[in-house]
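User: I have a model open and want a quick tour. Can you take my questions as they come?
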Amino acid sequence: MLSFGNVSKWYRGGAGEVQALDGLSFTVEREESLVLIGPSGCGKSTALLLAAGLLAPDAGSILIEGRAHSGPRLGTGLILQDYGLLPWKTVFENATLGLRIRRYPRAPREAETRVLLEQLGLAEFAQSYPGELSGGMRQRLALARVLALDVDLLLMDEPLSALDLELREALQDLLLTQWRSRGYAQLIVTHSIDEAVYLGQRILVMGPRPGTLVAELSNPLAGSSGYRSCPEFFARASQLRSLLLTTGDADGA
Amino acid sequence: MARKFLGYVLALVVILLCWHLLALALDSPALPTPLETVPMLVLYAGQLGPDFLISLYRVVVALLIGTALAMPLGLAIGRSPRLDTVLGPMLYILYPIPKIVFLPILLVLLGIADAPKIVLIALTIFFQVLITVRDAAKAVPEAAVLSVRSLGASRLAVFQHVVIPASLPELFTALRISSGTAVAILFFAEAIAGSTGLGAFIVDSWALLNYPRMFAGIIAMAFLGVVLYELFDILERRLARWR
Ligand SMILES: Nc1ncnc2c1ncn2[C@@H]1O[C@H](COP(=O)(O)OP(=O)(O)OP(=O)(O)O)[C@@H](O)[C@H]1O
Ligand SMILES: [Mg+2]
């Protein structure tokens, strides 16, 4: 689905050059759920922006379905850390924006958006503005906005980090339900060990900046129901915790 | 709506009362009481009305022209670091010059009718709106731009859905601030050149030493400001409903 081959990225700014990524390589298979974890500032967000086609690599190659891309691709959805919702558009207008930008015909567009908002429990708030929503609702709206587009690859940058624990677990389940029923591949950046183990069939650990892969943990039970209370879950979580301790730091939430 | 009306009534009562007390205390012909002034509004309505409309017309046309030119340019400069590098210094040199200094040359070039006044006010509005909109466009949250681009938006669509709506509240702030300057410039220009508009009305009254008449003109000028601010409020409510 998605493959990074030896990708490096520098930022050039007023303060000189910063190397964010140094030879990062990994792949995401079709319908797979992959988690990227690593210390703050190691280049996780950069990797996602590169995968989304919003940045171009300085070295190495990024292929999606075997092809290099220049610019955003229709089948790729992106959810950023603070969601990037548009405060001046209603919930409905935000959710339907992607379809509108792609000049999808109005009637089916509105019907589909309505169904999606219903599924995500936002139907009642269709005419509200994002500023009037709770954090969990905003997160669901960000999800609705990309799911409206029938994606086959969903990129998420710490999608749940702004939420409290209880809500977070509920939304992790929502992410899994949508992922299972829609069959897209997902790449999730997180700081949370529990979240990584709950969501990622494979967990990629990045080292401190400039980011590169330092370890990979396979976690085949991720996404199965009740995983959070299985002994395997705790075993994987402590395995990941010690991996992170030896390679860098982590919040360990 | 009713509340707003009540607010205006209350404000009028307070202002008129303070004015009255001040006039009594000063006891000078140069500051007539409201009781002497308000009848003048009625007495000179036939002249004040048209002068008011002319002044309103000049300000509104100037606002429209200034905004129409500054808004697209400000958005473009705000979103293009290269344009900003080229045009930024030019802006900083021209912006602080009080545009009123161009009145003489405008009078020579454009005569003494509406054109020089409109151009002068439009110039003032232009720079204020340009700088504010540029800064607002620069400050648009990057996450919103990236998200919308990832949905497949072209550059134009990013402007339509993100940059323009994000800059609108700042545009209205700029308009509110600069309309104060605009009215001041209008007064100056009308007082110096030509014989129409509230500025001319006020200066004529002054020349005649008819202070109550002069204050009737001042009241009309205050009303002009109220009309402008209410206009901005209505527009902002329609265009920036999420606030
Ligand atoms: N637009 C930019 N200009 C310059 N430097 C940048 C820019 N974006 C990121 N960086 C730098 O690149 C490095 C990697 O940033 P990135 O945001 O990808 O890290 P991250 O792993 O997502 O961090 P966090 O966990 O804190 O979100 C950091 O050192 C950051 O300061
Ligand atoms: Mg990040």
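User: What covers the buried residues of α2(A)?
Analyst: The cover comes from both chains. It includes α3 (106-119) and α4 (135-147) of chain A, together with α7 (142-150) and α8 (155-192) of chain B. Keep in mind that this is a predicted model.

User: Which ones are the buried residues of α2(A)?
Analyst: They are A:V91, A:F92, A:N94, A:A95, A:T96, A:L97, A:G98, A:L99 and A:I101.

User: What happens just after α2(A)?
Analyst: A:R103 takes a positive phi there, of about 55°.

User: Now the domains. How is chain A divided?
Analyst: There are two pieces to the assignment. Domain 1 covers 1-75 + 155-253, and domain 2 covers 85-150.

User: What separates the centres of domain 1 and domain 2 of chain A?
Analyst: Taken over C-alpha atoms, the centres of these domains of chain A are 25 Å apart.

User: And how many residues are in contact between domain 1 and domain 2 of chain A?
Analyst: On the domain 1 side of chain A, 11 residues take part; they touch 10 residues of domain 2.

User: Ligand next. Which residues surround ligand 1?
Analyst: A run of chain A residues is there: A:S40, A:G41, A:C42, A:G43, A:K44, A:S45 and A:T46 are among them. The surroundings also include A:Y11, A:A20, A:E158, A:H191 and A:R209.

User: How do the shell residues of ligand 1 divide into nonpolar, polar and charged?
Analyst: The shell around ligand 1 has 3 nonpolar, 6 polar and 3 charged residues.

User: Which helix gives the most to the shell around ligand 1?
Analyst: Helix α1 (residues 44-51) of chain A, with 3 residues.

User: I care about distances. Where does A:K44 stand relative to an oxygen atom of ligand 1?
Analyst: A polar side-chain atom of A:K44 lies 2.8 Å from an oxygen atom of ligand 1. Backbone atoms come in too. For A:G43, a backbone N or O atom is 3.0 Å from a ligand 1 oxygen. For A:C42, a backbone N or O atom is 3.2 Å from an oxygen of ligand 1.

User: How much of the accessible area of ligand 1 does the protein cover?
Analyst: On its own, ligand 1 has 630 Å² of accessible area, and the protein covers 62% of that.

User: Let me ask about A:G207. What is its place in chain A?
Analyst: A:G207 sits in the loop between β9 (202-206) and β10 (213-218) of chain A.

User: Is A:G207 buried or exposed?
Analyst: A:G207 counts as buried, because its relative accessibility is 2% and the cut-off for buried is under 20%.

User: What is A:G207 in contact with, beyond its neighbours within four places in sequence?
Analyst: Its partners there are A:P39, A:C42, A:T212 and A:V214.

User: Switch to chain B. How many helices and strands does chain B have?
Analyst: Chain B has 10 helices and 0 strands.

User: What span does the C-alpha trace of chain B have along its principal axes?
Analyst: About 70 × 50 × 30 Å for chain B.

User: What share of chain B counts as buried?
Analyst: Of its 243 residues, 46%. Chain B exposes about 12,600 Å², and carbon and sulfur atoms supply 75% of that area.

User: Last one. Among contacts in chain B between residues at least 6 apart, what share join residues at least 24 apart?
Analyst: For chain B, the share is 75%.

Methods:
Residues are numbered from 1 along each chain as its sequence is written. Chains are lettered from A and ligands numbered from 1 in the order in which they are written. This is a predicted model: local features need pLDDT of at least 70, side-chain atom pairs count only at pLDDT 80 or more; totals for chains, interfaces and linings use all residues. Side-chain values use heavy atoms; hydrogens and water are left out. A residue is near a molecule or strand if one of its heavy atoms lies within 4 Å of it. A polar contact is a pair of N or O atoms within 3.5 Å; within protein, one must be able to donate a hydrogen and the other to accept it, and residues adjacent in sequence count only if both atoms are side-chain atoms. Accessible areas come from the Shrake-Rupley method with a 1.4 Å probe; for residues, only the protein chains shown count as cover. Helices (H or I, at least four residues) and strands (E, at least two) are DSSP runs, numbered from the N terminus. Ala, Val, Leu, Ile, Met, Phe, Trp, Tyr, Cys and Pro count as nonpolar, Asp, Glu, Lys and Arg as charged, and the others, Gly among them, as polar. Buried means under 20% relative accessible area, exposed over 50%, partly exposed in between (1.4 Å probe, protein chains only). Contact means heavy atoms within 4.5 Å. Domain bounds come from an automatic or database domain assignment.
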